[in-house]
Amino acid sequence: MDGLLTVGVEEEFVLVEASTGHLANRADEVLTGSDGFEVDLQPEIAQYQVESASGVCTEMGQLRDELAAARRALVERAARHDARLAATGTPVLGLTMPTPLTNSPRYHRMAQEMGALTNDLAICGCHVHIGLPDDESKVFVSNHLRPWLPALLALGANSPYWLDGDTGYASWRYVVWNRWPTSGAPPHFDNAAEYYAAREEIVASGAAIDAGMLYWDVRLSAHHPTLELRVSDVAPTVEEAVLMAALVRGIAATALGSGAAAPEIQPHLLKVALWRAARDGLEGFGIDPVTAAPTPMSSIVASLLRWIRPALEFAGDYQMVSDGIDRLLLDGTGAVRQRRAFARRGRLSDVVGLLVAQTAPA
């Protein structure tokens, strides 16, 4: 490569009541008004959700600063309305059904077409965008990301609680989201024409109202000249969001640099591997993308790090990524930390307190 691939990150959050930790339907108020922050803040499908989007970045330090500024703006705005910002893949307390939808014709049409699938859509993800030169390279990189989707899901697992209880999963968000007909891992495509043909067929079937509802774990963005990874829960901290972005860019750069075709992991095996990652997270066993054998997820992540190390070193990101993975192995992912907070006193309010504290940038 002659230069660094560009990267951007979208983060989804929930708003919770300052007094109770239950969901707070105040997105309109939080997103209305002006202040000194120059950040991109947007509504999401639920009235208790907000989203931020970074600009186009080439350096991880720049991305870190932009994500921190957006979180800081949302934290301060939420506080004005007796609410707090929480980065969690699923809410811990106070989920009501059906979901109170943001007043948007698109969201109301989704509810009409998809029925009860929108009743409990209280999930938040981290979406990493990688700038690539053309659609063929996007499909090429998508194929290379497929075998590593379970490892990325495990590293970013941050949603063990749902309906005021422990689900037994590290990423319950991924399970909830996979009920949608256009979610899950994308197929392996030989070229961009195949990708777009599949997208047109899905929209024609009625399973998506438009191209923006193609919700695969990796997709060609419908609105930006990027490849978008959507497999991960929203990161608990800014540093973990930057870690995910660096990993995804490292995979993309390594794939492009090698020019080799991606291994065609079978759909049934990939589905099982993603389920294992959602259930067990980084601490459990995964499915090795090459041998198909049950393997400690930590070993799979180590294999990923070895493979992309030259690209990370080229970008100046290797030490940051290596240290970040070591911290997750030592201190636990977001899911582990949520459960640890509950275990101290058996109170879900302590989990919400942890989430609020982690979400705010230092």
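Which residues in α2 meet which residues in α8? In this predicted model, M60, L63, R64, L67, A68 and R71 from α2 meet V238, E239, A241, V242, A245, A246 and R249 from α8.

**View 1. Helix α2 crosses helix α8.** Two packed helices are described by the angle between their axes and the distance between the axes. Here the axes of α2 and α8 come within 10 Å and cross at roughly 140°. Angles over 145 degrees would count as roughly antiparallel, so α2 and α8 are oblique to each other. Sorting the residues of this contact gives nine nonpolar, no polar and four charged. As for handedness, α2 passes α8 in a right-handed crossing.

**View 2. R71, a buried arginine in α2.** R71 belongs to helix α2, which covers residues 60-79. Its relative accessibility is 0%, so R71 counts as buried. Look past the neighbours within four places in sequence and you'll find R71 in contact with E11, F13, L85, A87, A235, P236, T237, V238, Q358, T359 and P361.

**View 3. E66, a partly exposed residue in α2.** E66 also sits in helix α2. With a relative accessible area of 27%, E66 is partly exposed. Setting aside neighbours within four places in sequence, E66 has contacts with S54, G55 and C57. E66 and S54 are 12 residues apart along the sequence, and their C-alpha atoms are 5.8 Å apart in space.

**View 4. Inside the largest nonpolar core.** In soluble globular proteins, nonpolar side chains tend to be buried together. The largest nonpolar core here has 121 residues, and L63, V128, L145, L152, L229, L247 and V321 are the ones touching the most other members. Helix α8 (residues 238-258) supplies the largest share of this core, 12 residues. Zoom in on V321: not counting residues up to four places away in sequence, V321 touches L243, A246, L247, L305 and L312.

View 5. Most residues other than glycine have a negative phi, and most peptide bonds are trans. D82, in the loop between α2 and β4, has a positive phi, near 55°. D82 counts as exposed, at 53% relative accessibility. L163 has a positive phi near 55° too, and its place is the loop between β6 (161-162) and β7 (165-166). With 48% relative accessible area, L163 is partly exposed. Finally, the peptide bond from M97 to P98 is cis, with omega near 0°. You'll find P98 in the loop that runs between β4 (83-86) and α3 (105-114).

Key:
Residues numbered from 1 in each chain as written. Predicted model: local features only at pLDDT ≥ 70, side-chain atom pairs only at ≥ 80, totals over all residues. Heavy atoms only, no water. Helix = DSSP H or I, 4+ residues; strand = E, 2+ residues; numbered from the N terminus. Buried < 20%, exposed > 50% of the residue type's maximum accessible area, 1.4 Å probe, protein only. Contact = heavy atoms within 4.5 Å. Core = buried A, V, L, I, M, F, W, Y, C linked by side-chain atoms within 4.5 Å. Axes fitted to C-alpha atoms, helices over the stretch in contact; angles between N-to-C directions. Parallel < 35°, antiparallel > 145°, perpendicular 65-115°, else oblique. Left-handed = near helix turned anticlockwise from the far one by under 90°. Nonpolar A, V, L, I, M, F, W, Y, C, P; charged D, E, K, R; others polar.
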